[in-house]
Amino acid sequence: MSLFQSSTRIIPSAPAVPRHIAIIMDGNGRWAKQRFLPRVAGHQRGVEALRETVKACRDLGVEYLTVFAFSSENWRRPSDEVSFLMQLFMKVLEREVANLHENNIRLRIIGDRSRFDEKLNRYIEEAERLTAGNGGLTFTIAANYGGRWDIMQALQVMLKDKQGQCVNFSEAELEPYLSMNYAPEPDLFIRTGGEQRISNFLLWQMAYTELYFTGILWPAFDREALQAAIHSYQARERRFGRTSEQLQKGHPDA
Ligand code: IPE
Ligand code: IPE
Ligand code: MG
């Protein structure tokens with residue numbers, strides 16, 4: 001059975017610590033600007049915040065952490081910023097993968113890899129292969145990812161597999177083709193930087209995700225900020241379409 005359990009069909013359990021946290025790491029540029037530094041200095045510091053977040057998630061027993069590192073729309077940025085981000089991605093893979101591996105963390109990359117150069121693709125494949133057997137936290141980096149791209153690529157591959165003979169198909173038939181078919185849907189979504197939008201992140205997968213927005217700029221995000229997001233999550237009532245009464249103890253639907 002696929003791990004991907006759609007919240008529109010199956011009511012997932014709501015554990016105290018979210019099983020899957022998805023983050024839009026936003027605000028690097030503004031963090032740098034506040035300090036009269038170039039934008040790229042913010043991206044660099046953002047890597048530190050990410051390292052802390054991975055550790056904190058592992059310590060808390062989060063099973064899946066998925067972060068948005070580069071969107072399919074981010075190519076619209078100035079070309080020197082884009083190439084800096086690509087270089088940084090490569091350096092991070094080079095520097096951090098052994099450490100992730102030692103910590104039993106499985107690394108996965110989702111997104112359209114066709115625009116990455118050969119070297120970067122090789123690093124990605126090696127990192128995924130090296131950590132494939134790790135059973136601790138599954139850490140996913142979304143790079144050149146877009147939620148619409150994901151749904152479209154899933155449809156295209158599915159139709160090809162079914163040789164175009166598939167007119168009526170269900171959500172369940174499409175889901176194995178989505179990029180995150182190995183993970184349950186995110187329980188908690190965090191966006192730093194103050195913007196309150198999804199920016200084409202995990203559109204399909206976030207149908208019932210709890211959304212949390214904070215003004216903290218990504219380079220300043222730390223363990224305490226993560227705890228605050230988790231506390232907010234823990235105070236929520238996840239109904240998945242049911243009524244509040246149905247969730248009360250003793251109710252037949254509880
Ligand atoms: C997020 O920070 C990182 C990426 C999109 C790569 P930004 O670079 O978007 O920072 P702001 O939003 O301009 O502050
Ligand atoms: C979203 O951040 C993508 C990433 C964090 C990688 P942006 O800063 O690019 O988002 P918008 O365009 O302002 O919504
Ligand atoms: Mg931004």
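The shell around ligand 2 consists of five nonpolar, three polar and four charged residues (Ala, Val, Leu, Ile, Met, Phe, Trp, Tyr, Cys and Pro count as nonpolar, Asp, Glu, Lys and Arg as charged, and the others, Gly among them, as polar). The model is predicted, so that local features need pLDDT of at least 70 and side-chain atom pairs count only at pLDDT 80 or more, while totals for chains, interfaces and linings use all residues. Residues are numbered from 1 along each chain as its sequence is written, chains are lettered from A and ligands numbered from 1 in the order in which they are written, and side-chain values use heavy atoms, without hydrogens and water.

Among the residues surrounding ligand 2 are Ile24, Asp26, Phe68, Asn74 and Arg197 (a residue is near a molecule if one of its heavy atoms lies within 4 Å of it). Strand β2, residues 64-71, supplies the largest share of this shell, four residues (strands are DSSP runs of E, at least two residues, and helices runs of H or I, at least four, numbered from the N terminus).

Oxygen atoms of ligand 2 form polar contacts (pairs of N or O atoms within 3.5 Å) with side chains of the protein. The distance is 2.5 Å for Ser199, 3.2 Å for Arg77 and 3.2 Å for Arg191. Of the 390 Å² of accessible area that ligand 2 has on its own, the protein covers 79% (Shrake-Rupley method, 1.4 Å probe).

The protein as a whole contains seven helices and six strands. Its C-alpha trace spans about 60 × 50 × 35 Å along the principal axes.

Note on methods
A polar contact is a pair of N or O atoms within 3.5 Å; within protein, one must be able to donate a hydrogen and the other to accept it, and residues adjacent in sequence count only if both atoms are side-chain atoms.
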